Amino acid sequence: MNSPRRYAWLLVVAACLLASPGYGNEALVLRIHPYLGASKLIEKFTPLANHIATVLEKPVRIRISPDYKDHIRAIGQGDFDLAYLGPMLYVQTAEKRADLPILARLEVNGSPTFRGVIFARQKSSLEKLADLAGKKMAFGDPNSTMSHLVPRYMLLKAGVSEDRLAEYGHLSNHENVALGVLMGFFDGGAVKEGVFYKYRDRGLKALAWSPHISEHVIVANDHFPQGDIAALQKNLYQLHHSESGQAILHAIKPSVSALVPGEGSDFDPLREILHVLSEAGIWP
């Protein structure tokens, strides 16, 4: 007869295996930050999750973090197997967990980097960033990379600190920033490149373009066997060569053209920007 002590030991082992992600689990956990509603994100990432499951011969379960703070906490504590991270989130989580293997970086419209723009109305007299001194400025969410943080860095470099603006406001999204400037509520605004091009012909002009910032990445927990990481990377880099692979990429975002290699150093320009903002007391 087996002793009670042996059963207790087995229960402890089972509880540990069920409590945290890892290769001891039945399914791998793919964490996504909540930049859209949960149902929409599940729709977007299910094709990728199913593909990874086929490659690794292991089920993949999507888990949407309730907020950005929880997403950073979960990655920092290793409560994931795979994760999708924007540039700001990658830099923040890499501070807590520097050994995250990057499986792939998004290439959007043929580029693994993107940029933003500070703009004004076409008919305004503004021509350069310094001209925004004494004017009203529209930003997006305070945590937005291209609609607040990078633009604040650009303005600082141009000598336009917060106290030199007549007024500034944080709007709910990039499109509202563009519309706020077009309607004359603000003199200048900051948005990502795609939104600027969408509204440019309605009467906008660029005052200055931001530095190029690395695109989103897919990372793995460091418990992944190196052989599985290499196999998955090789497979993901080939997705754009087939129609089925392109469908997986376009489900994430129609403009995603490929998944390409990435390194932590790809985010050094953003780290430098955040360092300057930190010194100025703007971030975090």
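**Figure 1. Helix 3 and helix 4 pack at an angle of about 40°, their axes being 9 Å apart.** That angle makes helix 3 oblique to helix 4. The model shown here and in the following views is predicted. The crossing of the two helices, helix 3 and helix 4, is right-handed. At the contact, Tyr68, His71, Ile72, Ile75 and Gly76 of helix 3 meet Leu89, Gln92, Thr93 and Lys96 of helix 4.

**Figure 2. Helix 3 (residues 68-76), its buried residues and its two ends.** Asp70, His71, Ile72, Ala74 and Ile75 are buried in helix 3. The buried residues of this helix pack against strand 1 (28-32), strand 3 and helix 4 (87-96). Gly78 follows helix 3 and has a positive phi, near 80°.

**Figure 3. Ser65 in the loop between strand 2 (60-64) and helix 3.** Is Ser65 buried or exposed? Its relative accessibility is 2%, and Ser65 therefore counts as buried, the cut-off for this class being under 20%. Apart from neighbours within four places in sequence, Ser65 is in contact with Arg31, Ile32, Pro34, Asp70 and His71. Among these partners, Asp70 and His71 are themselves buried residues of helix 3.

**Figure 4. The open sheet of 6 strands, in the order 2-1-3-12-4-13.** The pairing in this sheet is mixed. Strand 2 and strand 13 (256-260) are the edge strands, each of which pairs on one side only. From one strand to the next, the twist averages 20°. Strand 1 and strand 2 run parallel and are joined by 5 bridges; Ile32 has Ile64 as its bridge partner in strand 2. Helix 3 lies across strand 1 and strand 3 and runs at about 145° to strand 1. Helix 4 also packs on the sheet, where it touches strand 3, strand 4 and strand 12, and its direction makes about 125° with that of strand 3.

**Figure 5. Strand 12 (residues 217-220), covered on both faces.** Val217 and Val219 lie on one side of strand 12, Ile218 and Ala220 lie on the other, and all are buried. Which strands does strand 12 pair with in the antiparallel sense? Strand 3 (residues 82-85) runs antiparallel to strand 12 and is joined to it by 4 bridges, with Val219 as the bridge partner of Ala83. Strand 4 (residues 102-108) pairs with strand 12 over 3 bridges, likewise in the antiparallel sense, and here Arg105 stands opposite Val217.

**Figure 6. The open sheet of 5 strands, in the order 8-7-9-6-10.** As its pairing is described, this sheet is mixed. Its edge strands are strand 8 (167-170) and strand 10 (204-209), and each pairs on one side only. On average, neighbouring strands are turned by 25° against each other, direction ignored. Strand 6 (residues 116-121) and strand 9 (residues 188-192) pair in the antiparallel sense over 5 bridges, and Ile118 stands opposite Ala190 in strand 9. Helix 6 (residues 174-182) packs on the sheet and touches strand 6, strand 7 (136-139), strand 9 and strand 10. The direction of helix 6 makes about 150° with that of strand 9.

**Figure 7. Ala206 in strand 10.** With a relative accessibility of 33%, Ala206 counts as partly exposed. Which residues are in contact with Ala206, leaving aside its neighbours within four places in sequence? They are Val117, Ile118, Phe119 and Phe196. Between Ala206 and Pro34, the separation is 172 residues in sequence and 30 Å in space, C-alpha to C-alpha.

**Figure 8. The crossing of helix 5 (residues 145-157) and helix 10 (residues 268-279).** The axes of these helices come within 10 Å and cross at roughly 65°. Helix 5 and helix 10 are therefore roughly perpendicular to each other. Helix 5 passes helix 10 in a left-handed crossing. On the helix 5 side, Thr145, Leu149, Val150, Arg152, Tyr153 and Leu156 take part in the contact; on the helix 10 side they meet Leu270, Ile273, Leu274, Val276 and Leu277.

Conventions:
Residues are numbered from 1 along each chain as its sequence is written. This is a predicted model: local features need pLDDT of at least 70, side-chain atom pairs count only at pLDDT 80 or more; totals for chains, interfaces and linings use all residues. Side-chain values use heavy atoms; hydrogens and water are left out. Buried means under 20% relative accessible area, exposed over 50%, partly exposed in between (1.4 Å probe, protein chains only). Two strands pair if DSSP finds at least two bridges between them. Contact means heavy atoms within 4.5 Å. Axes are lines fitted to C-alpha atoms, for helices over the stretch in contact, and angles run from 0 to 180 degrees between N-to-C directions. Angles under 35 degrees count as roughly parallel, over 145 as roughly antiparallel, 65 to 115 as roughly perpendicular and the rest as oblique. A crossing is left-handed if the near helix is turned anticlockwise from the far one by less than a right angle, and right-handed if clockwise.
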